[in-house]
Amino acid sequence: MSKEGKEAIFRNLGASNHSNGTREENDFYATDPLAMELLLKEEEFNKNIWECACGQLHLSNVLENNGYTVRNSDLVQRADKVEQLDFLSEENKTKWHGDIITNPPFKYAQEFVEKSLELIDDGNKVAMFLRLQFLEGKRRKELFKKYPPKYVYVFSGRVNCAKNGDFKTYNSSAMSYCWFIWEKGHKGDTIVKWIN
């Protein structure tokens, strides 16, 4: 197989070290708001939501338009109403009495899941927009044994992310995304559903 053919395969699989162009420094790939709209047709959340990697408020705006009160924070302040905060920092230990919903930087996705579950109360939810590939991996197998998601909502059609929030120039993606829903305290099997 040619070098170009191999690189195309890695790009389609989302291997960042084989993608065209450079990765965004802080892994900012904004989520199409449609992803949030579709999730809200399937799930109800606590009225108080923390969007802890909120970027330019793409998901937060959909939540607010649907009556939720949203706390917006991110490592980098890219919009008004955003609290600049390193969600994973040791100093961030304040309990959150609501749900947490975000599209975390993929390289720190497991850490975002674990931190979110640490901060919320029993019965509250964590919703993470992640690649379907998040289901793979020996390290994550241990995560899923300890904290099984209640639901995984797989998109039957493609939902895209836009580097630096630039939805005008992004193309359709070969990557598959889904919503992982954890309910703190859930110990049963994970149910897979399809949306879109």
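Guide: Buried here means under 20% relative accessible area. The model is predicted. By that cut-off, F129 and W179 are both buried.

Start with the core. The largest nonpolar core holds 26 residues. M36, F45, F155 and W179 have the most contacts inside it. At least two residues of this core come from each of α2 (33–40), α3 (58–65), β6 (125–131), β7 (151–155) and β9 (177–183). The top contributor is α2, with five residues.

Now F45. Leaving out residues up to four places away in sequence, F45 touches L39, L40, Y68, D99, I101, K125, A127 and I181. K125 also has its charged end over the ring of F45, 5.3 Å from the ring centre.

A second core is separate and has 24 residues. Among them are L117, I120, F134 and V152.

Next, the rings. There are twelve aromatic pairs in the structure. Take F129 and W179. Their ring centres lie 5.3 Å apart and their planes meet at 65 degrees, so the pair is edge-to-face; the cut-off for that class is over 60 degrees. F129 belongs to strand β6 and W179 to strand β9, so the pair ties together parts 50 residues apart in sequence.

One aromatic cluster is formed by F106, F134, F144, F180 and W182. F134 is also listed in the second core. F106 carries a charge over its ring: the charged end of R131 sits 4.1 Å from the ring centre.

Conventions
Residues are numbered from 1 along each chain as its sequence is written. This is a predicted model: local features need pLDDT of at least 70, side-chain atom pairs count only at pLDDT 80 or more; totals for chains, interfaces and linings use all residues. Side-chain values use heavy atoms; hydrogens and water are left out. A nonpolar core is a set of buried Ala, Val, Leu, Ile, Met, Phe, Trp, Tyr and Cys residues joined through side-chain atoms within 4.5 Å. Buried means under 20% relative accessible area, exposed over 50%, partly exposed in between (1.4 Å probe, protein chains only). Helices (H or I, at least four residues) and strands (E, at least two) are DSSP runs, numbered from the N terminus. Contact means heavy atoms within 4.5 Å. Rings of Phe, Tyr and Trp (its six-membered ring) pair if their centres lie within 6.5 Å; planes under 30 degrees apart count as stacked, over 60 as edge-to-face and the rest as tilted. A charge sits over a ring if NZ of Lys or CZ of Arg is within 6 Å of the ring centre and within 35 degrees of the ring normal.
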